[in-house]
Structures are given as C-alpha cells and as structure tokens.
Amino acid sequence: ARMGNGLISIFETPTMRLLEKKSLSAPGIHEFQWSPKANVIAYWAPEGNNSPAHVDLIQIPSRKKLRQKNLFNVTKCNMVWQNEGEYLAVKVTRHTKSKKTLYNNIELFRLNEPGVPVEMLDIKDAVMALAFEPRGSRFAMIHAENPSSTKVNVSFYNMVKKNDTISVKSG
C-alpha cells in the first residue's frame with residue numbers, strides 16, 4: 001500500500017494491480033499502518049475543515065470501517081500495534097486551546113471484541129516510548145515529567161480486564 005493525497009492505494013499480490021481498480025479514500029490522511037496479522041489498515045488524519053482529527057480502522061479488501069475514533073486538539077498521533085494484531089495503541093499528543101502546553105493520552109483499541117471498543121488512558125507525563133510485549137496483552141511505557149527530564153519512569157499495563165479496568169503497575 002502507498003499513501004497519497006487523501007487516499008491509500010492498495011495493491012494486490014502477485015499482480016501488483018490496484019485493489020478493485022480504485023484507491024481507498026482517506027481524507028486528510030497523515031499516516032497509516034497495517035495490522036501485523038489481519039488485513040486491517042489503521043490511519044489517522046489531523047483536524048481540518050471543521051472536522052475533528054480521527055483514527056480509522058478499515059478492513060481490507062471489503063473496505064468496511066471497523067471503527068472511527070474522533071479526537072480533538074491533536075498535535076500528533078503515533079500508532080503501535082501489538083504483534084498479534086489484537087490491540088492497537090495510539091499515543092495522542094494534544095495541545096491546550098492556547099497551543100502552548102502539550103499533554104498525552106493513549107487510545108487503546110481492542111480489535112478482537114465486538115464493535116472494537118476503545119479505552120482512553122490519561123497520562124500526566126510526557127510519553128517517550130510505548131511498546132507491547134512480543135506475544136501477550138501487556139505493554140510498557142517510558143514517561144517523564146517533561147520530555148527533557150533526566151528522571152524517567154517505566155509503567156507496565158495489562159490489557160486483560162480485571163474489574164473492568166486496565167491494570168497498572170508503575171516502577
């Protein structure tokens with residue numbers, strides 16, 4: 001697949017012809033990633049033309065939109081897939097109305113559940129890195145009070161629900 005201006009061109013193998021002879025419409029697309037296991041594309045587009053920023057999950061080849069999550073006051077998004085494609089974490093860097101202060105939150109998509117539910121994890125610190133364990137439901141995050149801080153923290157999270165909350169262990 002290849003990103004273009006407001007579209008994603010997806011090519012079939014082995015012929016390398018454009019899937020269904022047309023590109024996938026993705027207005028304002030800024031970045032996309034394939035799921036590591038399923039035929040699912042995740043992409044995000046910033047705010048524009050009085051519409052919010054959004055993350056979309058699209059099933060290929062049907063082009064069915066599995067989920068769309070609207071986001072506001074977005075500066076940047078970073079997407080991280082779990083190796084088995086069961087979870088997608090989107091680190092959202094947001095700004096205040098004045099655009100002087102940045103803060104993060106993590107949007108967590110559960111792809112193997114009906115309706116692809118999304119949970120939000122609010123982070124007060126600057127998130128420097130986030131990664132899932134190779135196979136499983138846990139992820140770790142490196143964060144600090146501000147991006148230039150020398151004192152960093154590592155927090156571990158588990159996507160397996162216990163009492164309807166994501167479990168957190170900080171260290």
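Analyst: A residue counts as buried when its relative accessible area is under 20%, as exposed when it is over 50%, and as partly exposed in between, using a 1.4 Å probe and the protein chains only. On that scale, buried residues make up 40% of the 171 residues in the protein chain. This is a predicted model, in which local features need pLDDT of at least 70 and side-chain atom pairs count only at pLDDT 80 or more, while totals for chains, interfaces and linings use all residues. Residues are numbered from 1 along each chain as its sequence is written, and side-chain values use heavy atoms, with hydrogens and water left out.

The protein chain holds 15 strands and 0 helices, where strands (E, at least two residues) and helices (H or I, at least four) are DSSP runs numbered from the N terminus. Along the principal axes, the C-alpha trace spans about 50 × 40 × 30 Å.

Turning to the rings, a pair of aromatic rings is described by the distance of the centres and the angle of the planes. Rings of Phe, Tyr and Trp (for Trp, the six-membered ring) pair if their centres lie within 6.5 Å, and planes under 30 degrees apart count as stacked, over 60 as edge-to-face and the rest as tilted. The structure holds 3 aromatic pairs. In one of them, the centres of F132 and F139 lie 5.3 Å apart with the planes at 55°, so this pair is tilted. F132 counts as buried at 11% relative accessibility, and F139 is buried as well, with a relative accessible area of 2%. F139 also pairs with Y157, and here the centres are 5.0 Å apart and the planes at 15°, so the two rings are stacked. Because F139 belongs to strand β13 (residues 138–144) and Y157 to strand β14 (residues 152–162), this pair ties together parts that are 18 residues apart in sequence. Y157, like F139, is buried. Taken together, ring pairs link Y87, F132, F139 and Y157 into a cluster.
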